[in-house]
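Here are my notes for you to read with the model open. Take the points in order and find each spot as you go.

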Amino acid sequence: QVQLVESGGGSVQAGGSLRLSCVRSGDTYRDAVIGWFRQAPGKEREGVAATYTGGSIAYYADSVKGRFAISQDNAQNTVYLQMNRLTPEDTAMYYCAADLGMVPTEHPLQTNEYSYWGQGIQVTVSS
């Protein structure tokens, strides 16, 4: 019964920034692990960042550390992904995912740990 809606994607030049938003509805009274994933054509889906609505933990893939930042506004049931210094290798479909039962300290960037997914939003970075 959890629904996720992403927004904020688009096209930018290399070195630019975008901020993605993920709004969660349904069962919002329960804490959840929220993750951002991305998938480029011909490549496997990979975890980018994750956080927990009931705590202050955050996880990042090595490829985005220092450039991306995940944050949350629990009052608005929204998780953000601020993406800075974007490169063409960041071009992908980005997905927001949620799970209500995952232990937040275990494998938060693994695709198969999540039960609910948004439809995805395209991010394109030009050279």
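1. Start with the disulfide, meaning a pair of cysteine sulfur atoms within 2.5 Å. Searching the whole structure turns up 1 disulfide. It joins C22 to C96, with 1.9 Å from S to S. C22 is in strand β3 (residues 18-25) and C96 in strand β9 (residues 92-99), 74 residues apart; strands here are DSSP runs of E, at least two residues long, numbered from the N terminus.

2. Are those two cysteines buried or exposed? Buried means under 20% relative accessible area, exposed means over 50%, and partly exposed is in between (1.4 Å probe, protein chains only). C22 is buried at 1%, and C96 is buried at 0%.

3. A word on the source: this is a predicted model, where local features need pLDDT of at least 70, side-chain atom pairs count only at pLDDT 80 or more, and totals for chains, interfaces and linings use all residues. Residues are numbered from 1 along each chain as its sequence is written, and side-chain values use heavy atoms, leaving out hydrogens and water.

4. Now look at the rings. Rings of Phe, Tyr and Trp (its six-membered ring) pair if their centres lie within 6.5 Å; planes under 30 degrees apart are stacked, over 60 edge-to-face, and the rest tilted. The count is 4 aromatic pairs. One of them is F37 with Y114, edge-to-face at 5.1 Å centre to centre and 80° between the planes. F37 lies in strand β4 (residues 33-39) and Y114 in the loop between β9 and β10 (116-117), so this pair ties together parts 77 residues apart in sequence.

5. F37, Y95, Y114 and W117 form one aromatic cluster. Within it, F37 is buried at 0%, while W117 is partly exposed at 27%.

Key:
Helices (H or I, at least four residues) and strands (E, at least two) are DSSP runs, numbered from the N terminus.
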